[in-house]
There are 4 protein chains.
Amino acid sequence: MIRFECDYTTGAHPKILEALVNTNDEACPGYGVDLHCERARAMLRELCQAPEAGVHFLVGGTQANTTVIAAALRPHQGALCAETGHINTHETGAVEATGHKVLALPAENGKITARQIDRYCQDHYDNEAWEHMVQPGLVYLSQPTELGTVYTLAELEEISQTARRWKLPLFVDGARLAAGLAASDITLPDLARLCDAFYLGGTKAGLLFGEAVVIPNPNLNHDFRYLIKQHGGMLAKGRLLGVQFEAFLKDGLFLEIGRQEVDQALRIRNAFVENGYSLFVDSATNQQFPVLTNGDLAVLSSRYSFEVWAKVDQAHTAVRFCTSWSTTDEDVDALISSIQSLPGRSSGAAGAKGGSKL
Amino acid sequence: MIRFECDYTTGAHPKILEALVNTNDEACPGYGVDLHCERARAMLRELCQAPEAGVHFLVGGTQANTTVIAAALRPHQGALCAETGHINTHETGAVEATGHKVLALPAENGKITARQIDRYCQDHYDNEAWEHMVQPGLVYLSQPTELGTVYTLAELEEISQTARRWKLPLFVDGARLAAGLAASDITLPDLARLCDAFYLGGTKAGLLFGEAVVIPNPNLNHDFRYLIKQHGGMLAKGRLLGVQFEAFLKDGLFLEIGRQEVDQALRIRNAFVENGYSLFVDSATNQQFPVLTNGDLAVLSSRYSFEVWAKVDQAHTAVRFCTSWSTTDEDVDALISSIQSLPGRSSGAAGAKGGSKL
Amino acid sequence: MIRFECDYTTGAHPKILEALVNTNDEACPGYGVDLHCERARAMLRELCQAPEAGVHFLVGGTQANTTVIAAALRPHQGALCAETGHINTHETGAVEATGHKVLALPAENGKITARQIDRYCQDHYDNEAWEHMVQPGLVYLSQPTELGTVYTLAELEEISQTARRWKLPLFVDGARLAAGLAASDITLPDLARLCDAFYLGGTKAGLLFGEAVVIPNPNLNHDFRYLIKQHGGMLAKGRLLGVQFEAFLKDGLFLEIGRQEVDQALRIRNAFVENGYSLFVDSATNQQFPVLTNGDLAVLSSRYSFEVWAKVDQAHTAVRFCTSWSTTDEDVDALISSIQSLPGRSSGAAGAKGGSKL
Amino acid sequence: MIRFECDYTTGAHPKILEALVNTNDEACPGYGVDLHCERARAMLRELCQAPEAGVHFLVGGTQANTTVIAAALRPHQGALCAETGHINTHETGAVEATGHKVLALPAENGKITARQIDRYCQDHYDNEAWEHMVQPGLVYLSQPTELGTVYTLAELEEISQTARRWKLPLFVDGARLAAGLAASDITLPDLARLCDAFYLGGTKAGLLFGEAVVIPNPNLNHDFRYLIKQHGGMLAKGRLLGVQFEAFLKDGLFLEIGRQEVDQALRIRNAFVENGYSLFVDSATNQQFPVLTNGDLAVLSSRYSFEVWAKVDQAHTAVRFCTSWSTTDEDVDALISSIQSLPGRSSGAAGAKGGSKL
């Protein structure tokens with residue numbers, strides 16, 4: 001069984017593991033104030049060209065999302081978010097558990113627009129009964145989105161301007177940002193300049209665990225460590241996060257891993273398209289969503305693990321293939337070879353059926 | 001500098017680290033349903049003689065406390081707890097953040113009694129305005145306590161009976177339970193029999209991180225994984241917890257580490273007592289609280305790291321020395337030697353001044 | 001200006017006010033345990049044929065909704081609700097503020113179906129990642145809905161059966177239930193039999209304020225008064241609620257007021273339909289939603305107050321006319337006369353354009 | 001039975017009731033934006049000499065406390081409060097239900113001091129583990145306190161200065177402020193000058209219900225109406241609060257009622273003291289706490305209703321007599337006469353045993 005079901009099936013990238021082993025016997029103060037954390041913070045600030053930004057290392061993404069959002073909102077405010085956004089669908093109501101409504105907007109391919117945000121705010125304040133409704137208090141995006149698509153720099157600029165006009169902090173969930181950086185024109189300095197908070201995910205890019213939250217907005221960063229502790233996110237052996245992020249950021253390893261995940265994913269994407277398969281959504285990153293006939297699905301399932309995503313019609317199912325730091329050329333070669341001999345492929349019709357179909 | 005400031009300064013015990021390295025390349029499903037987690041669960045159930053108990057692996061103690069308490073209480077209920085209890089003092093109000101009051105009881109050496117619990121409940125229901133007050137809904141203990149003391153089996157039996165009479169779930173915070181098992185007559189099967197939930201802490205006993213929550217009460221265990229996810233505690237690479245606990249539980253490693261932590265701590269304790277130092281509280285476990293003159297404190301600070309705990313009077317300060325899995329005989333030999341030549345020691349007066357002084 | 005903008009513009013119905021004046025000098029215990037509350041409770045239990053049901057008097061609807069829902073749900077659960085439901089749109093996230101997500105379902109004319117509820121639950125438990133999603137924990141309906149429509153007894157029976165099959169408490173928001181009773185085949189005993197909790201609203205039916213929450217489910221009723229107090233809903237001079245509900249329930253006054261509100265509203269509805277106006281939604285109760293040309297809207301605005309509900313297109317706007325206990329025949333006669341001379345009416349074309357248009 | 005058990009046994013003061021009756025048929029917009037509310041707001045701003053202050057009318061005290069505190073605090077902050085403070089003891093954890101810990105300080109006669117607040121904050125920030133503890137975020141006082149005692153202007157000035165030095169909003173619970181104004185040297189303009197928020201209670205001073213929250217701090221007042229709605233405190237027929245407060249504030253009726261409550265209470269107090277009874281706490285306001293022998297208690301219980309407060313020893317019990325707007329000279333004359341013939345009185349020993357005994 002070759003595994004493509006998610007990007008967190010294996011342990012750590014060898015360089016990350018090596019760093020953990022090498023520093024295992026060091027004695028460090030707890031809770032993220034050790035030298036490794038300090039160094040990783042400095043490296044990230046420099047990569048972001050944001051010398052004053054707060055940097056905090058958390059264990060997981062739900063924790064990062066909940067803590068940032070709870071820190072940003074007053075009690076009567078909610079978080080604007082694509083209806084497919086992770087906080088709206090797959091965090092068991094963690095945001096609501098801190099008292100805040102997720103204000104879900106219709107999304108296209110996982111993305112929302114500056115115009116939608118503007119309209120929502122305008123409508124809110126135009127309504128006479130505004131105080132009876134949850135006030136929009138923050139914009140939450142994912143880069144890449146939960147469907148693998150990416151915002152362009154132009155889109156992010158526009159969303160950022162709109163958010164600032166309405167005085168809404170902009171927060172970007174970067175659980176797969178390493179892949180996102182490889183697939184879009186948005187850079188870390190762009191994120192630091194345009195967002196109030198974002199994070200660079202490690203868990204899905206070769207760390208054992210860890211998300212680096214960057215908070216350029218000093219008001220939002222103020223007292224943030226209290227909130228980390230309150231949300232159960234203050235790791236006793238915080239050095240584990242510092243050590244991993246030092247290795248991840250050093251010599252651009254995070255970019256290299258992201259690049260490699262995306263390259264392997266695009267090889268898979270292209271093999272499907274060239275063999276006449278359509279895509280449930282046309283993803284630019286390390287998640288790919290081809291639409292299979294049920295017969296193809298059965299064939300591929302016998303050799304590869306992947307996720308069933310959505311039933312498209314009686315005869316077709318959208319699935320997800322996901323690459324990770326540990327996906328090898330051989331894994332992908334095998335898969336491509338299998339695709340080329342699937343019963344359902346339409347030889348020669350490639351491209352014609354390619355492209356997004358949501 | 002020899003470090004005694006806490007029990008989470010170094011990385012993992014060699015056997016734990018080895019297990020992580022050896023399994024790094026395995027591909028596992030996420031979120032704690034992998035084979036390592038299953039095996040570790042089975043081992044712990046067997047050690048607890050509780051074949052039906054729920055077992056869940058969480059990253060940290062605050063998360064474990066908050067999640068269990070939130071799962072157990074209805075909105076109008078609070079958690080009875082020693083005023084020195086961790087949830088009352090050092091979790092930035094994590095329990096309150098889930099909507100529940102911590103009902104703090106006066107504690108003696110970190111402990112509360114069955115009688116106090118009984119009295120509190122009786123008074124609550126005797127009061128005509130009971131509905132205007134937070135209803136006691138759970139009993140929270142720590143074993144060992146935050147001051148290193150331990151409950152005896154007889155005490156725990158009595159507390160358990162009282163809690164059950166008032167229909168209060170009993171929850172034991174075992175962040176340092178490995179040391180507690182070495183220092184008290186309470187065993188894992190006792191805990192499984194007498195508690196509704198408890199945990200065996202790994203972070204302070206040689207794991208990189210990890211707390212194993214055992215929930216013998218099926219009602220409390222029902223849907224518990226939803227709560228883990230909601231509290232940001234569902235680790236993507238959950239296998240890391242399974243792998244570590246497999247190694248920790250195998251051949252009694254957890255007992256061995258706990259035993260060793262306590263043995264080294266008692267050597268330190270005895271050196272202080274024999275040299276005439278009194279103890280702020282007489283701890284049986286891996287935290288020791290001698291009362292030093294300010295002069296002694298300065299002397300020891302130059303070679304050892306330890307924590308200033310409380311100012312006792314103008315001339316004396318209580319400090320905390322903490323041992324861990326990585327504390328060596330040499331570390332403790334050096335400290336004992338230093339104690340024996342401290343200016344403040346009262347040669348011959350030992351024992352006389354020994355004993356608890358809170 | 002004749003007022004139709006809502007059903008809480010005036011004070012109390014004369015019989016309610018009289019009861020308050022007559023009892024003003026009585027000395028009563030506080031917090032709803034006085035004789036008037038006890039009597040009103042007994043009357044309501046008898047009207048519901050539910051001798052064991054809990055009955056609690058609260059000041060307002062948002063309070064009633066939030067308190068019942070908080071009492072019913074565990075932390076990882078949410079409330080299934082029409083997307084137009086009051087808790088989803090007009091309570092400033094009060095439900096989320098207690099930690100729970102509102103699970104909004106697409107609604108037709110403000111209503112949801114048993115089939116939708118069934119499907120949502122089935123999908124939830126069919127999903128492998130169920131623990132990552134909010135668990136459906138309660139069904140919330142409004143009778144009548146926020147758009148004035150009503151559930152039939154057959155529909156409520158089916159929803160109740162479905163909810164019970166999935167072990168979901170069923171809660172009916174009856175802020176306008178007096179009107180609802182006049183306009184549907186559902187009776188108080190039906191509600192008591194089919195629901196776990198519901199309330200009979202007084203505020204919008206001639207009381208100064210007050211909602212009578214009936215809780216036939218004893219588990220949900222258990223400790224409910226603690227929750228009332230915690231939510232700030234325990235009125236010190238609780239007798240005010242008892243006194244008002246005694247008068248409201250006596251000799252069917254609540255039915256009479258509801259009947260009268262609906263009758264006046266239907267006169268308005270019919271006048272619009274007969275003059276060729278379509279309806280935004282075809283309401284059976286005391287809120288009516290005709291679609292006006294912008295010219296008609298301007299004409300009517302000069303003499304009547306009513307609410308602008310939604311822009312239908314460039315030239316048309318849906319508005320809301322609302323009747324109350326204090327709406328007189330003369331008020332409605334005047335309005336009908338005005339309708340009959342509106343520039344936008346299509347003489348003869350009535351009926352053709354009538355009917356719901358959402 | 002003559003009733004002294006609390007100050008909310010009867011309905012409204014005749015002038016309040018008359019205002020409600022006279023305005024009953026007026027049609028007003030809902031939710032507190034009607035003319036009566038506007039007028040009452042203007043009157044209160046003028047009485048406070050605070051032309052810019054926010055003024056909001058809420059139904060009850062728990063709601064007022066919870067809403068103000070939730071509006072003021074960030075998630076990691078708590079409310080400093082006397083351990084006997086209402087929010088700490090008798091609101092079923094309403095503050096905790098919004099996520100915040102009540103930081104209880106030892107109280108003397110219900111009061112806390114500027115020095116205690118200063119010390120608490122100093123200790124918090126001196127502690128290295130500060131981020132692991134709840135941050136003090138607001139100071140909550142009651143004037144008068146739950147034990148009837150009052151702060152002096154000098155004390156309030158000092159507390160206000162201390163709070164401002166630590167950037168803590170100061171909030172004064174004035175559920176019985178009408179009596180407090182009669183018994184202390186603190187005026188409404190003092191409160192508006194020294195506090196960030198406070199309220200003037202109506203429920204315990206002759207209104208059917210109603211608390212007028214004054215918020216001089218514009219940051220705290222910002223968006224406050226959203227929070228009122230979220231907490232279920234936005235009364236549909238908001239005019240009821242406006243009408244009552246108009247009458248209450250007009251020609252100093254509130255001062256008159258407060259004065260009268262206190263005068264009657266002091267007559268009771270003095271009768272006890274003159275007959276040799278000690279006081280559990282020496283209250284200056286409308287609650288009085290004599291210590292009775294159990295025999296006296298039985299005698300008085302047969303004719304008067306009052307509250308058993310605390311068991312002092314085997315033979316003595318502290319009780320509470322409470323006066324209200326409806327307490328008459330005759331009621332108090334009768335009680336005094338009864339006191340003068342109690343078996344337990346020590347003729348001649350008066351004064352000797354008088355004074356506080358807590």
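The dialogue below goes through how some labels in this predicted model are assigned.

Student: What makes the backbone of Thr92(B) worth a remark?
Tutor: Its phi is near 45 degrees, a positive value in a residue other than glycine. Most residues other than glycine have a negative phi. Thr92(B) sits in the loop between α4 (86-89) and α5 (94-97) of chain B.

Student: Which label, buried or exposed, does Asp251(A) get, and why?
Tutor: The relative accessibility of Asp251(A) is 70%. The cut-off for exposed is over 50%, therefore Asp251(A) counts as exposed. Asp251(A) also has a positive phi, about 55 degrees, although it is not a glycine. Its place is the loop between α12 (239-249) and α13 (253-274) of chain A.

Student: How do you know what kind of peptide bond runs from Gln143(B) to Pro144(B)?
Tutor: Omega is near -5 degrees there, and the bond is cis. Most peptide bonds are trans. Pro144(B) belongs to the loop between β5 (135-142) and α7 (153-165) of chain B.

Student: What is found for the bond between Gln143(C) and Pro144(C)?
Tutor: That bond is cis, with omega about -10 degrees. Pro144(C) lies in the loop between β5 (135-142) and α7 (153-165) of chain C.

Student: What makes strand β8 of chain C count as mostly covered?
Tutor: The strand spans residues 211-215, and five of its five residues are buried.

Student: Which residues lie on each side of β8(C)?
Tutor: Glu211(C), Val213(C) and Ile215(C) are on one side, and Ala212(C) and Val214(C) are on the other. In a regular strand, side chains alternate between the two faces of the sheet. The named residues are all buried, so both faces of β8(C) are covered, given that buried means under 20% relative accessible area.

Student: How do you know that β2 of chain C pairs with β8(C)?
Tutor: Pairing needs at least two bridges. Five bridges join β2 (residues 54-58) to β8(C), so the two strands pair. They run antiparallel. Within this pairing, Phe57(C) stands opposite Ala212(C).

Conventions
Residues are numbered from 1 along each chain as its sequence is written. Chains are lettered from A and ligands numbered from 1 in the order in which they are written. This is a predicted model: local features need pLDDT of at least 70, side-chain atom pairs count only at pLDDT 80 or more; totals for chains, interfaces and linings use all residues. Side-chain values use heavy atoms; hydrogens and water are left out. Buried means under 20% relative accessible area, exposed over 50%, partly exposed in between (1.4 Å probe, protein chains only). Helices (H or I, at least four residues) and strands (E, at least two) are DSSP runs, numbered from the N terminus.
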